[in-house]
Amino acid sequence: MNRHVVPTTLVAAALALAACTAPPGPGSTIDQRSEAPATSTWFMSCPHDLLRVQTFTAGRTGTMDRVSLRVTGPFDPGSPQGPATEVAVALSIQTVNGAHAPSGTEIGSGDLQGPPSGEWADVPLSTPAPVTAGTQYAIVILTRTGCHVGFGLVANDDDPYPGGAVWTTTAGSSALSFFADTDLGFRTWVR
C-alpha cells in the first residue's frame, strides 16, 4: 500500500511553502472542508494509474467550480523518477454508488497542473459539477500513466470529516480499498 506516515519535520516544511491558491470563481465559497492536522500522507506515484478518492456530502445546492487539495511537495528530487517538474493528475467529481464508493459517473472534472508549490493546490473544474445539498459525491484523483509526480495528499486518520471517507487503489490493482476513519485535506467551492 502507498500509505506512509510522514515525519513532523517534513509536514512542517511543506506547510511553510507558499500557498498556491487561485481566486475562486465568481460568487463561489467553501462548502465542505477537512482541514485537520496531518497524521499521514497518501503519495501520488507514477507510472501507475492510481486512484485516491475522498467522498463528501454537499452542504448546499449549486455549482461546484473548484476543489482545493492539501498537499505536500514538491519533494524527493532524488527519487528514481527525478525531481517533480510536471504533474499530470486528473480530478473527477463523481456520483457515488450504494456502497458510498465512486460510481464512475462523472459530473465534473479538472486537471491539477503543477508541480504543487504550497500547502493547498487549487483545481479549477473545467467542467463544473452540479451538486445537491445532502447528496454524497466523490472527488476522484487519478495519476496518469507516464506522469511525473512528486507530491503527496495530506490526510488525517482520526475521522475529522463525518460526511465522507477515503477510497484508494494500490499500484497494479483496480480494486478499491475503504478507509472509514481517514479523510484527505480538501475544500469544495460552490456558487
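This is a predicted model: local features need pLDDT of at least 70, side-chain atom pairs count only at pLDDT 80 or more; totals for chains, interfaces and linings use all residues.

Entry 1. I searched the whole structure for salt bridges and got five.

Entry 2. I looked up Arg 191 and found it in a salt bridge with Asp 65, with the closest N and O atoms 3.2 Å apart. Arg 191 sits in the segment after strand 14 and Asp 65 in strand 5, 126 residues apart. Arg 191 is partly exposed at 42% relative accessibility, whereas Asp 65 is buried at 9%.

Entry 3. I checked Asp 122 and found a salt bridge to Arg 66, with 2.8 Å between the closest N and O atoms. Asp 122 is in strand 8 and Arg 66 in strand 5, so the pair ties together parts 56 residues apart in sequence. Asp 122 is buried at 11%, and Arg 66 is buried at 4%.

Entry 4. I recorded a salt bridge between Arg 70 and Glu 119 at 3.0 Å, N to O. Arg 70 is in strand 5, and Glu 119 is in the loop between strand 7 and strand 8. Both residues are buried.

Entry 5. I found Arg 33, Glu 35 and Arg 187 linked in a network of salt bridges.

Entry 6. The Asp 31 side chain does reach the backbone nitrogen of Gly 59, at 2.8 Å.

Entry 7. I placed Thr 135 in the loop between strand 8 and strand 9. Thr 135 is partly exposed at 31%.

How values were computed:
Residues are numbered from 1 along each chain as its sequence is written. Side-chain values use heavy atoms; hydrogens and water are left out. Helices (H or I, at least four residues) and strands (E, at least two) are DSSP runs, numbered from the N terminus. Buried means under 20% relative accessible area, exposed over 50%, partly exposed in between (1.4 Å probe, protein chains only). A polar contact is a pair of N or O atoms within 3.5 Å; within protein, one must be able to donate a hydrogen and the other to accept it, and residues adjacent in sequence count only if both atoms are side-chain atoms. A salt bridge is a side-chain nitrogen of Lys or Arg within 4 Å of a carboxyl oxygen of Asp or Glu.
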